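Open the model in your viewer and keep the sequence panel beside it. The stops below follow one another as selections.

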Amino acid sequence: MLYREAGDYKTSYEADSQTFPIAFDRYRYWFVLAVAFLVLPFLVNDYVVNALLLPFLIYSIAAIGLNILTGYTGQVSLGTGGFMAVGAYACYKLMTAFPDVNILIHVLLAGGITAIVGTLFGLPSLRIKGFYLAVATLAAQFFLVWLFNKVAWFYNYSASGQISAPERFVFGVAVTGPNTPAWASYLVCLVFVTFCALIARNLTRGALGRQWMAIRDMDIAAEIIGVNPLKAKLTAFAVSSFFVGISGALFFAVYLGAVEVGEAFGINKSFLVLFMIIIGGLGSIFGAFAGAAFLVTLPVFLKLIGVDLLGWPTDLVAHLQLVVVGLLIMFFLVKEPHGLAQLWRVAKEKLRLWPFPH
Amino acid sequence: MSAGPNTSGVKTLPDLLSRNAKTIGSKTAYREKEFGIWQTWTWSEAEAEVDSLAKGLLTLGVEVGDLIAVAGRNRPALYWAMLAVQKTGGIPVPLYQDAAAEEIAYALENCNARFAIVGDQEQVDKIADVRDQLPNLKHVVYLDGRGLRKYDHSHLSSYAAVQDAGAKANNDAELKARQDAQTYDATCVMLYTSGTTSKPKGVVLSNRNIIETAKNSCAFDDLKANEEILAYLPMAWVGDFIFSMGQSLWTGFCVNCPESPDTMQADMREIGPTYFFAPPQVFERQLTQVMIRMEDAGKFKRRMFHRFMDVAKRVGPKLLDGEPVALMDRLSYMLGNYLVFAPLKDTLGLGRVRVGYTAGEAIGPELFQFYRSLGINLKQLYGQTEATVFITQQPNGEVRADTVGVASPEVELKISDSGEVFYRSPGVFVEYFNNPESTADTKDAEGWVATGDAGFIEEKSGHLRIIDRVKDVGKMSDGSMFAPKYVENKLKFYPDILEAVVFGAGRDRCTAFINIDLTAVGNWAERNNIAYSSYQELSQNQQVLDIISQHVSEVNATIAQDEMLSGCQVHRFLVLHKELDADDGEMTRTRKVRRGVIAEKFDDLLDALYGDMSEIYTETEVTYEDGRKGKIAATLDIRDAELSTPVAKKVAAE
Amino acid sequence: MPADFYYGIEVVLNGLMAGVMYALVALGFVLIFKASGIFNFAQGVMALFAALTLVGIMEGQVPFAHLINATFGTEIHHFGWHVPALLAILLTVGVMVIFAWAVQRFLFRHLVGQEPIILFMATIGLAYFLEGVGDLMWGSNIKTLALGLPQGGARWIEDATAGLGGDDFYGFFIDKLDLVATLVAIVLVAGLIAFSQYTKHGRAMRAVADDHQAALSVGISLNFIWILVWSLAGFVALVAGVMWGAKSGVQFSLSLIALKALPVLMLGGFTSIPGAIVGGLIIGVGEKLFEFLVGPMVGGATENWFAYVLALLFLVFRPQGLFGEKIIERV
Amino acid sequence: MSEVQTGYVTEDGRQIGDVMLDLRAITLRFGGVEAIKNISFDIREGEIRAIIGPNGAGKSSMLNVISGFYVPQEGEVWFHGKKRPPVKPFQVARQGIARTFQNIALFEGMSVLDNIMTGRLNYTKSGMLAQAIWKGKAEREETENRERVERVIDFLEIQAIRKTPVGRLPYGLKKRVELARALAAEPKLLLLDEPMAGMNVEEKEDMSRFILDVNDEFGTTIALIEHDMGVVMDLSDRVVVMDYGKKIGDGTPDEVRNNQDVIDAYLGVAHDE
């Protein structure tokens with residue numbers, strides 16, 4: 001149903017390997033972009049932005065990043081929180097060191113710095129595989145958090161040990177600091193999300209992406225047909241960390257404004273993002289968005305039900321949330337290891353073959 | 001352009017080509033799915049290709065009037081080959097690509113071709129096998145060099161090589177001269193008829209035949225340069241020549257060639273043709289597929305499907321024919337169209353079909369209605385090679401399953417006293433190649449051609465109705481009319497029945513051989529977990545036989561309604577242990593049953609049908625795909641079918 | 001500086017004690033991993049859950065009191081009785097067995113044949129779930145575990161060793177609880193080894209660990225073994241939970257000791273019980289010493305990461321851990 | 001064992017060139033076990049070289065040595081007249097040696113097309129940034145590679161499954177896709193590890209045809225391991241026979257067929273296979 005593909009034929013390889021080969025998908029994609037950029041900014045209010053949109057967008061970037069590493073390259077990482085912290089602190093140092101440079105550039109640079117750090121921690125992945133690596137990445141997580149805690153230089157020797165984002169402007173509009181209009185921070189994050197998603201998509205559908213997936217699916221065979229494992233894995237770590245760094249920077253500068261590394265970027269962040277890609281779907285960019293959307297809305301939803309409707313105490317709801325999330329993770333791993341993205345794919349297939357079942 | 005481009009100075013198809021190259025040179029003329037994408041050629045590119053090939057052929061020594069065989073799957077390059085041959089003054093003779101070596105040999109010998117342009121190694125090998133019988137065959141040109149590298153190239157060269165030679169050669173003048181020398185009545189192409197009875201005959205068609213017919217038929221359905229067609233039917237068949245050469249060149253619409261037979265369906269969906277032809281068997285197979293696939297669908301979907309198909313059956317055809325329809329019906333049809341019809345058409349690749357034709361065999365009314373009710377403008381035409389296809393066609397809005405429409409533009413019809421249909425038209429063929437007597441038999445001095453079909457014209461609608469082949473319409477021993485095909489078609493409409501052969505001429509009652517449809521029945525067997533190892537085993541399964549005899553008695557019931565043919569009820573039948581097959585000579589390449597051949601091949605079974613035994617043991621020789629021959633033995637059940645009492649036979653009014 | 005030297009020794013001793021604790025948790029991992037190839041991230045939370053349950057039962061708390069009160073507006077909290085420690089422990093073990101069964105029945109039975117990494121992530125989910133349930137059942141407030149285990153420094157050791165390093169050395173300070181823990185750990189390990197060596201099920205367990213197919217073919221029920229193993233792991237978790245709980249109160253942070261156990265495993269290898277113990281000791285001593293020697297220079301709290309970095313570096317040079325043997329890759 | 005002089009012409013008119021790959025006194029051990037014991041043989045340009053022998057004879061190990069996956073403790077590998085230093089497998093691949101695997105090693109998570117495209121990785125020069133932007137060089141390369149790959153797809157007649165995920169393919173087709181992946185790399189030397197294992201007669205015939213065509217159309221040198229003696233004898237120009245890590249025969253199919261040790265070795269395993 002919906003899909004009409006008769007007459008939708010390709011006369012060039014460029015057309016055949018584009019992101020949305022099917023016209024209908026293409027239109028839908030442009031439509032979503034149009035709404036996100038041209039309509040939403042005028043509708044949103046502070047609550048929607050801060051409770052839903054910002055976390056969704058920022059986590060999406062992180063999830064895309066982790067998905068590249070875990071979903072596409074098969075290297076499980078529990079260090080996401082730590083790398084987000086790197087992004088945040090890098091951004092903070094840059095913002096304070098070069099106040100005149102545009103914040104957007106800072107965010108990108110923060111991503112770059114994170115990429116370097118990520119690559120360093122990626123080096124062991126050559127020798128260490130599977131969950132040995134997963135555990136190894138915990139080293140990054142704890143070491144980095146500790147570092148930002150202990151080394152005062154990172155938080156400019158502020159008494160609180162916190163870092164807080166000074167006010168910065170883009171085209172004369174504040175995008176960080178207390179006086180930021182909701183729509184502005186929303187647009188900034190949206191721009192970065194779009195940018196990251198496009199890059200991620202291009203990389204994953206091209207030669208590099210194939211190297212990554214080859215390593216993921218069968219590293220030995222991959223090496224024998226000419227994939228350089230070192231290069232493949234390190235690039236994955238670099239790109240992944242780049243995204244995670246950007247999300248960290250935004251998370252600090254645009255979303256929270258002020259963070260204490262321990263609570264903002266602790267081990268739970270790492271798990272949260274990991275869960276996003278499990279629920280959303282490993283090895284799918286759409287999955288990253290889906291997962292982020294899901295786990296961002298879930299607490300809001302539960303709070304709505306639990307606290308506002310049933311009038312339960314918040315801590316109770318918080319515990320309940322743990323239970324639900326845990327159950328969901330297990331449920332997805334059992335029922336649909338490929339997550340929401342797979343459900344989406346199946347649904348799409350069904351629509352394309354409608355009314356036939358297969 | 002509705003009147004079609006003007007013909008000034010156009011004498012041949014190559015003329016049309018160069019006209020298109022001039023007027024619409026940048027428009028896409030040919031597409032072929034190759035290497036994963038649709039390679040495209042504009043009209044001017046096509047012309048360039050044809051020119052270089054034509055000049056290349058000259059360097060090979062092609063003489064004016066040479067007959068040049070063309071064999072292979074539908075590919076632009078082979079259509080160009082035919083055009084190139086015509087340019088050089090030669091006559092293209094397209095052959096069936098799946099023809100066996102002997103058949104090829106017969107054709108090549110019969111027209112003593114001096115050249116052959118073929119698709120690939122398979123064709124080259126076939127010709128090589130019989131080369132010694134063909135002293136005149138000078139040179140073979142192949143398109144796809146795969147596996148041919150080690151062959152002796154003294155009398156063999158690649159299409160590309162010939163084109164290169166042509167590009168280098170400076171013989172444009174000669175080519176021009178030859179092209180100018182041609183006349184409107186010169187031979188355009190020679191096509192072999194798939195003789196239902198005798199050896200194939202070469203039908204000679206002139207430029208006039210082709211171009212006039214193309215012009216008229218395009219005007220009839222208002223075909224424009226923006227049509228898309230899928231070229232998938234044998235190039236040797238006159239239909240493909242008219243659609244993919246005549247009409248395409250005339251209007252300038254685009255010809256699309258699939259990547260390979262097994263991707264045909266997918267490719268068709270991608271292209272979404274707007275003008276589509278298929279013989280009834282194709283539609284039949286497709287419908288069977290649809291039904292089978294829907295069987296596997298979920299409960300909800302199945303209900304929805306059938307619910308809306310009923311609406312479609314009731315409303316669809318009316319809407320197509322522009323008859324008034326109640327608002328509620330309109331709405332529910334629109335809903336159905338959104339939920340079922342449109343997606344279904346789209347997945348079948350019929351989503352954009354504006355004009356669809358079927359012909360060759362009568363089509364089962366329900367089958368026909370199915371496609372009509374989906375909103376596909378499927379129509380019937382009646383034609384034959386000798387008429388350059390078109391004799392009668394159904395105009396939009398006057399489409400019925402049981403007629404074949406009104407006379408095509410510039411076609412005259414008459415019915416002889418014997419009930420045989422005669423026609424005369426600009427499309428009437430020149431002659432049978434080297435065969436004056438059969439030419440005389442079929443075509444009289446005033447140019448009237450005998451179709452060999454018995455039929456009559458309805459007073460009210462003026463539509464032609466075909467009963468059967470004249471020679472097949474026989475009398476039964478009691479003198480009542482015997483029209484086997486009429487009955488067979490009724491039987492064949494059931495998805496379970498692939499083919500049926502009815503006997504009864506000069507007998508006291510009718511009997512039938514039946515072929516079950518392996519896909520349909522096989523699927524049914526699966527769902528009822530009935531194990532079977534072979535077609536043969538399945539064909540003799542008791543439950544299957546029960547189903548078939550159920551169908552037969554239903555058919556008998558309908559036949560009983562028609563007083564003219566009520567004698568033709570099937571009294572006894574059996575299900576054959578093998579599928580009727582062109583390789584065994586039981587059918588023509590266009591899948592028409594050869595009644596005579598079958599009758600004598602299975603004479604033992606026939607006797608059994610008219611005897612009283614309930615089963616019979618038989619052995620049959622079969623030909624496997626790789627050409628090997630073998631024997632299969634089987635014991636076949638013979639069933640008596642339930643009969644219906646005919647309506648009181650009143651004296652026929654006319 | 002002799003005094004510092006002795007303080008160093010004291011650090012090492014304490015490190016060893018801490019190491020024993022780590023080893024306790026690591027044991028649970030090893031058990032499950034050996035038998036089912038599952039890397040059970042939830043081991044730490046199991047310890048927390050077990051401890052919570054034990055306290056809850058002893059205190060006679062009403063399970064899910066919060067939830068019930070919240071939904072029905074009731075105000076119930078306690079049954080008003082107190083269960084003797086031993087009975088409570090038995091009951092807790094029972095709960096852990098049920099838990100083991102449930103995990104097997106509802107989770108891992110459906111994940112048979114999945115890649116290890118999937119199973120691993122499943123256990124992360126399990127950890128979240130269990131933590132949530134634990135809090136819902138018994139409330140998330142810090143509880144003290146009153147099993148009457150000896151607490152505080154062991155005076156006699158202190159007296160015995162006082163003045164070893166001159167007047168400014170007051171003798172080794174060693175927590176009695178650590179000593180107890182060590183003893184318990186030794187007993188536990190001995191018990192486990194005995195079980196796996198001399199009992200039918202123990203042998204079956206080892207068979208499964210060696211080769212699933214073979215074990216199946218000789219008619220061992222994998223399902224049963226796995227439940228058994230998870231129960232054992234649950235028991236070990238309980239012990240660990242009790243020890244840590246007694247030490248620093250039963251609270252969420254308890255579940256984090258699982259994270260500490262991971263580097264231990266990476267050092268010792270996932271499949272070897274001795275490995276787990278040695279690894280535990282190395283980590284324990286290592287991080288205490290590092291904190292003692294280097295910590296002051298870098299602002300302390302190095303325990304947070306030392307273990308991981310150590311394991312990381314170690315793995316880079318010996319990916320199969322201390323006791324695992326070299327992997328030969330085939331194609 | 002008759003040694004053929006460099007450069008000769010087979011009866012079906014194929015030109016066999018100089019020695020391309022020369023294995024000299026290779027010995028490979030796993031711990032104590034000797035998988036390959038002091039084996040030497042060569043592969044000439046343009047020829048089809050078969051390695052046969054009972055199970056566990058060390059055939060696959062030999063292939064793994066050639067493709068650099070195992071590093072032999074002793075012996076030398078000479079490629080194109082140069083001694084090969086110890087190299088990583090991916091470097092070997094870049095020298096123009098591609099292979100297929102005994103038990104299919106396709107990337108199950110990817111489509112047929114993507115799997116074959118991985119064969120082109122060594123021909124991708126554009127950097128990460130270029131690929132990230134997906135314009136200019138990166139897109140051009142992608143298209144060029146796709147063109148090559150499509151030629152291979154056409155050659156192996158797998159157009160119909162181009163976009164199918166390999167996971168859904170039947171065994172025989174998977175084997176063919178794997179061959180396609182190897183061919184996409186346009187190798188000088190193609191190693192086939194039991195290309196017909198577990199195939200039915202028809203599939204075997206197809207595969208043999210493809211192997212011959214590859215060697216014929218692209219002049220690719222081929223070394224293959226195969227159990228089906230019939231196939232080996234039809235396909236190969238020269239055969240090496242291994243048994244328990246030792247070389248027990250080397251020569252033309254006929255020579256090998258009449259070699260007593262070979263006969264013994266095969267009779268030896270005849271009943272346990």
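How many residues does the contact take from chain A and from chain C? It takes 37 residues from chain A and 40 residues from chain C, two residues being in contact if their C-beta atoms, placed from the backbone, lie within 7 Å.

Before going further, note that this is a predicted model, in which local features need pLDDT of at least 70, side-chain atom pairs count only at pLDDT 80 or more, and totals for chains, interfaces and linings use all residues. Residues are numbered from 1 along each chain as its sequence is written, while chains are lettered from A and ligands numbered from 1 in the order in which they are written.

**Chains A and C**

Keep chains A and C selected. Of the five pairs of chains in contact, this pair shares the most contacts. On the chain A side, at least two residues each come from helix H6 (130-150), helix H8 (207-224), helix H11 (267-280) and helix H13 (314-335). Helices (H or I, at least four residues) and strands (E, at least two) are DSSP runs, numbered from the N terminus. H13(A) gives the most to this side, with 13 residues. Coloured by class, the side of chain A that touches chain C shows 31 nonpolar, three polar and three charged residues. Here Ala, Val, Leu, Ile, Met, Phe, Trp, Tyr, Cys and Pro count as nonpolar, Asp, Glu, Lys and Arg as charged, and the others, Gly among them, as polar.

Now show chain B with chain C. These two do not touch, and their nearest C-alpha atoms are 26 Å apart.

Select H6(A). Its 21 residues should span 30 Å at 1.5 Å a residue, and the end C-alpha atoms are 31 Å apart, which agrees; the expected span is 1.5 Å times one less than the number of residues. H6(A) is mostly covered, with 17 of its 21 residues buried. A residue is buried if 20 or more other C-beta atoms lie within 10 Å of its own, exposed if 12 or fewer, and partly exposed in between, with C-beta atoms placed from the backbone.

The crossing of H4(A) and H6(A) is left-handed, that is, the near helix is turned anticlockwise from the far one by less than a right angle. Show side chains where the two meet: Gly81(A), Gly82(A), Ala85(A), Val86(A) and Tyr89(A) in H4(A) face Ala140(A), Gln141(A), Leu144(A), Val145(A) and Phe148(A) in H6(A). The residues of this contact divide into seven nonpolar, three polar and no charged.

Staying in chain A, go to the segment after helix H14 (339-353), where Pro355(A) is found. A cis peptide bond joins Trp354(A) and Pro355(A), with omega about 0°.

**H8 of chain B**

Move to helix H8 (residues 207-221) of chain B. Is it largely enclosed or exposed? Eleven of its 15 residues are buried, so H8(B) is largely enclosed by the rest of the structure. Among the buried residues are Asn207(B), Glu212(B), Lys215(B) and Cys218(B). The cover includes helix H1 (13-24), strand E8 (187-192), strand E9 (202-206), helix H9 (238-252) and strand E15 (389-393) of chain B. Asp222(B), which follows H8(B), has a positive phi, near 50°.

**Two loop residues**

Most residues other than glycine have a negative phi, and most peptide bonds are trans. Select Glu410(B), in the loop between strand E16 (406-407) and strand E17 (412-415) of chain B. Its phi is positive, about 65°, and Glu410(B) counts as partly exposed, with 14 C-beta neighbours inside 10 Å. Then select His80(D), between strand E6 (74-79) and strand E7 (82-83) of chain D. Phi of His80(D) is near 50°, and this residue is partly exposed, with 15 other C-beta atoms within 10 Å.

**Chain C**

Finish on Ala18(C), in helix H1 (residues 2-36) of chain C. Ala18(C) counts as buried because it has 22 C-beta neighbours inside 10 Å. Leaving aside neighbours within four places in sequence, Ala18(C) is in contact with Gly284(C) and Lys288(C).
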